[in-house]
Amino acid sequence: MAGGGDIGIELVDKIRVSFPKLKQWCLAGPGEPTLNKDYGAIVRSLLEADCRINTVTNGTRLSKLDLPWDKFMNLNISVNEVEAEEHREITGKDSFSQLEEGIKSVVKKDARLLMTFVVGLGNVERLEDYLRYAGQWPRTTAVPILALTPQSEADKSSLLESEELQEAFAAVKAKTPESQSVAWPRFRAIPKRKGGCGMSRDVLVVNGKGEVAVCCRGAGPRSELGNVLDEGRAVWKNKALSAFRKRVWSNKKPIKCRACPEPEI
Ligand code: SF4
């Protein structure tokens, strides 16, 4: 939502009207979504239309926004570190106090929080602190994100077998108190199926100008695949987009797709 091609309220309303069955929205980056000048208007418009909203934020601007946070399905806050100095080291910004102010302000409004912490072999011993921190806030689930990202199916299989990963899992499990609510991300090998990458089949990425793409990894000439402002719902099946999807699923894939780690599902 944020960044050069910010998505505005007009575009969101157009998409909402064109796709009336689209009832679940995630307001996320690239960039911090709450910096989008239309963030508040978009939230109100979606809530008025009975849509469910998730958002992914660094949390530092939450106290500045007067929004009905309790109406969100989840507020996903990337906390990452729970002490000011470490937080500054990771984010490069002196913003831990703003983050805490933001958390306090949405907790007062009875928001449901997901706090994410990136956990790798280098900081697995901090997990206990992360969980304790998340545990002090009501209606909060801690979500440790495993920082070992496989780049291919082969990588994934070997990672699953690796002693390092097994050790990290064991260490994390041992340090998780029974009382703490923790959603541990699933991490498993996904069998290949015919039909091309799932992203290109199920997702439509739209930029601030309404131009569409099959995925957020930059496969294909975005400006030539269609525009949701001009075509509305018909964009989903227009000729250019359909032809491009077929290429993604064929043996003559676009260059971006050839090196893409996206699993074929
Ligand atoms: S294979 Fe990768 S680059 Fe190609 S469409 Fe799918 S997600 Fe995008």
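How many other C-beta atoms lie within 10 Å of that of D110, and is D110 buried or exposed?

## Basis of the report

This is a predicted model, in which local features need pLDDT of at least 70, side-chain atom pairs count only at pLDDT 80 or more, and totals for chains, interfaces and linings use all residues. Residues are numbered from 1 along each chain as its sequence is written.

D110 is exposed, with 12 other C-beta atoms within 10 Å. A residue is termed buried if 20 or more other C-beta atoms, placed from the backbone, lie within 10 Å of its own, exposed if 12 or fewer, and partly exposed in between. D110 is a residue other than glycine, yet its phi is positive, near 70 degrees. The loop that holds D110 runs between helix 4 (96–108) and strand 4 (113–119); helices (H or I, at least four residues) and strands (E, at least two) are DSSP runs, numbered from the N terminus.

R139, also not a glycine, has a positive phi of about 55 degrees. It is located in the loop between helix 5 (127–135) and strand 5 (140–146). R139 counts as partly exposed, with 14 C-beta neighbours inside 10 Å.

## Helix 2

In helix 2 (residues 39–48), the buried residues are Y39, I42, V43 and L46. They lie on the same side of helix 2 because they cover an arc of only 100 degrees around the axis, the arc being that of the directions from the helix axis to the C-beta atoms. After helix 2 comes D50, whose phi is positive, near 60 degrees.
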